[in-house]
Amino acid sequence: MKHELPALPYAYNALEPYYDEQTVKLHHDAHHKAYVDGLNNAEAKLLEAREKGDFALVKHWERELAFHGSGHILHTLFWDNMAPQGGGPATGLVAEEITKYFGSFDTFKKQFSAAAVAVEGSGWTLLCYNPIFKKLEILTAEKHQNLTQWGVVPLLALDLWEHAYYLKYQNKRAAFVEAWWNLVNWQDVNRRLADCL
Ligand code: MN
């Protein structure tokens with residue numbers, strides 16, 4: 001079964017003015033699609049290698065599998081984590097867990113934003129539930145194929161790659177981060193957390 005680029009759960013212009021139509025279209029149709037295509041290609045090459053019993057290039061294709069697989073997973077999460085009527089403080093179970101582990105929503109938001117702004121180069125900041133520690137974590141990935149914490153379930157993803165915001169926000173990443181808070185779909189985040197508990 002080949003992986004397919006999931007359709008956006010809203011129109012390209014639905015996240016305006018916080019996230020502009022041009023960036024959303026390019027980010028989804030070109031960048032996310034490239035991960036899906038790369039993942040399918042890596043899986044096909046690894047299947048071919050298994051069939052031939054020739055693993056000479058396995059290191060390369062395993063890296064491609066991790067890079068494109070993580071890219072596809074995180075971008076799918078990124079789109080689902082936003083909604084046109086999103087934003088505001090966390091709600092429901094996520095709100096309770098955030099207060100429990102971060103003290104308050106404001107403290108959580110400050111740490112998440114600071115971690116996002118501090119990511120070097122291209123990367124991500126994620127609110128995660130770690131089923132091993134049974135607690136929420138804010139984790140960053142400077143290369144999404146690296147630095148993963150095995151077993152962690154990402155709940156909320158913010159894309160900090162420049163293509164995610166540069167057309168509108170240029171070098172003002174903090175402004176994009178601030179705007180993005182108006183789009184968070186806490187209902188979706190809650191659904192993901194509930195699945196972990
Ligand atoms: Mn991206």
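How far is the sulfur of Cys196 from the closest cysteine sulfur? The sulfur of Cys196 lies 9.6 Å from that of Cys128, its closest cysteine sulfur, and this is too far for a bond. A disulfide is a pair of cysteine sulfur atoms within 2.5 Å. A search of the whole structure finds 0 disulfides. Cys128 is buried, at 3% relative accessible area, whereas Cys196 is partly exposed, at 22%. Here buried means under 20% relative accessible area, exposed means over 50%, and partly exposed is in between (1.4 Å probe, protein chains only).

The model is predicted: local features need pLDDT of at least 70, side-chain atom pairs count only at pLDDT 80 or more, and totals for chains, interfaces and linings use all residues. Residues are numbered from 1 along each chain as its sequence is written, and side-chain values use heavy atoms, with hydrogens and water left out.

We can now turn to the domains. The domain assignment gives domain 1 (21-81) and domain 2 (92-195); such bounds come from an automatic or database domain assignment. The contact between them takes 16 residues from domain 1 and 22 residues from domain 2, where contact means heavy atoms within 4.5 Å. The C-alpha centres of domain 1 and domain 2 are 22 Å apart.

The interior comes next. A nonpolar core is a set of buried Ala, Val, Leu, Ile, Met, Phe, Trp, Tyr and Cys residues joined through side-chain atoms within 4.5 Å. The largest such core has 47 residues, and Tyr19, Ile98, Phe108 and Trp186 touch the most other members. This core draws at least three residues from each of domain 1 (21-81) and domain 2 (92-195). For Ile98, leaving aside neighbours within four places in sequence, the contacts are Ala90, Gly103, Ser104, Phe105, Phe108, Leu127, Leu136 and Trp186.

The strands can be followed one by one. Helices (H or I, at least four residues) and strands (E, at least two) are DSSP runs, numbered from the N terminus. Two strands pair if DSSP finds at least two bridges between them. Strand β1 (residues 124-130) pairs with β3 in the antiparallel sense over 6 bridges. Within this pairing, Trp124 has Asp159 in β3 as its bridge partner. Strand β3 (residues 153-159) is mostly covered, with 5 of its 7 residues buried.

Strand β1 also runs antiparallel to strand β2 (residues 135-141), and 7 bridges join the two. In β2, Leu136 stands opposite Tyr129. The two strands β1 and β2 form a hairpin with 4 residues between them. Lys134 lies in the loop between β1 and β2 and has a positive phi of about 55°, although it is not a glycine. Lys134 is exposed, at 56% relative accessibility.

Most residues other than glycine have a negative phi, and most peptide bonds are trans. Gln170, in the loop between α5 and α6, is not a glycine and has a positive phi of about 45°. Gln170 is partly exposed, with 33% relative accessible area. The peptide bond from Glu16 to Pro17 is cis, with omega near 0°, and Pro17 is found in the segment before α1.

Which residues of helix α6 (residues 173-180) are buried? They are Arg173, Phe176, Val177, Ala179 and Trp180. These residues cover an arc of only 165° around the axis, so they are on the same side of α6. The arc is that of the directions from the helix axis to the C-beta atoms. The buried residues of α6 pack against α2 (58-80), α4 (105-118), β3 and α5 (166-169).

A last stop is helix α1 (residues 21-52), which contains Asn40. Asn40 is buried, with a relative accessible area of 12%. Which residues does Asn40 touch, not counting those up to four places away in sequence? Asn40 touches Lys2 and His3. Along the chain, Asn40 and His3 are 37 residues apart, while their C-alpha atoms are separated by 6.3 Å.
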